[in-house]
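Hello,

Here is the structure I promised to pass on. Please have a look at it before you read my notes below.

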Amino acid sequence: MKLPVRARLGLLCGALMVVSSSVLMVVVYLLLQANLPDRFDSIAIRLMPGGSAAELTSTEGAAVWSLGGGQADPFLSAALGQYVLWSALSLALLGVGAIAVGWCVSGRVLRPLRRITATARRLSAQNLHERIALTGPKDELTDLAGTVDEMLDRIEAGFTSQRRFIANAAHELRTPLAVQRTALQVGLLDPTPAELALIREQLLADNRRSQRLIEGLLLLARSDQGVLRSERVRLDEVVTDVLAQQRPDPELTFEVELLPVLVRGEALLLTHLVGNLIANAVRYNTIGGTVWVRTTPDGVLEVRNTGPLVAADTAAELTEPFRRGAGRTHSPADGCGLGLSIVDSITTAHHGALDLTARPEGGLCVRVTLPVAPSRRVPPPTAP
């Protein structure tokens, strides 16, 4: 049967005490055995009047000690026997005491661990706000408790984000369904041809909105799985292709500076990343605004745009699903609120970094840093 940690620590303390005391007892026994005969002979010589007598008799005749001619051996054996007996008894008492002290000390040391264990067992989805909050001197146990509290903070944030995501997704899906049901129930009672055409366009717009939302959710789930096929991708060429596919907006000005950059990742996900960044910069812009797109050889993709003012403390929160800088709107031209969430997920899947900064003049500056792929070195031609 495997003993608990507290019992093992107590037995370990007792075993260490018994072993160390046994070694000390053996060393003292050997020293006494080697030095006691000479000590007794010298004491007897000093006590006798002539300095060389062979016997010393007690004044009361109770005992006679013979100290010459090797006759002191029985006395030495008895003395060493008494030493061994009392040392063994003391050793047993010390062992028991060491086990008791080790049991008490280990219980005191392991008390914070029991507190951590009890808190971990008590936690569930309903009380993730509880923390260990272990106080005391800075040591390994307080570091462990602090690490567990930080892990609980991340878990609570994940649960909160998941609940918010589910609620927002349900709300986003319920809104077009409610609009479609209203159009079908009310608009089709006795419609005219013009009303039928209007209802048709409204249903198609709601259907496209639901389709974009579902596609965004699927892409977000796909990017959360990580990069499935890593390859060398020219990020500047990806940006060029995405800009060519975007419908030009005559009311916006594009300033593009694309330097060659080779990154490692999945081309499809990187295409969605660039497309979402540019679409977000175009959608949340102003009339006559500007979109700046730039790539650098160190794996940086930067997209800036003019637009409405964004609070500096809420810029980083735009990566949460269904968060929009200008509030929650439901116009057909508005996005589904997953663009920057998908960008953040794809960046994380590529082990990159995403930085969102609110521009003082209005708009947003999004900076994505991706790992650069090592360039292939062409070997020099061999001599003929």
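Predicted model: local features only at pLDDT ≥ 70, side-chain atom pairs only at ≥ 80, totals over all residues.

Residues are numbered from 1 along each chain as its sequence is written, and side-chain values use heavy atoms, leaving out hydrogens and water.

The protein has eight helices and nine strands; helices (H or I, at least four residues) and strands (E, at least two) are DSSP runs, numbered from the N terminus. Of its 384 residues, 32% are buried, where buried means under 20% relative accessible area, exposed over 50% and partly exposed in between (1.4 Å probe, protein chains only).

Now to helix α1, which covers residues 5–47 and includes leucine 16. Is leucine 16 buried or exposed? Leucine 16 counts as exposed because its relative accessibility is 54%.

At the other helix, α8 (residues 339–349), eight of the 11 residues are buried, so α8 is largely enclosed by the rest of the structure. Among these buried residues are Leu340, Ile342, Val343 and Ile346, and Ser341, Ser345, Thr347 and Ala349 are buried as well. Histidine 351 follows α8 and has a positive phi, near 60 degrees.

Happy exploring!
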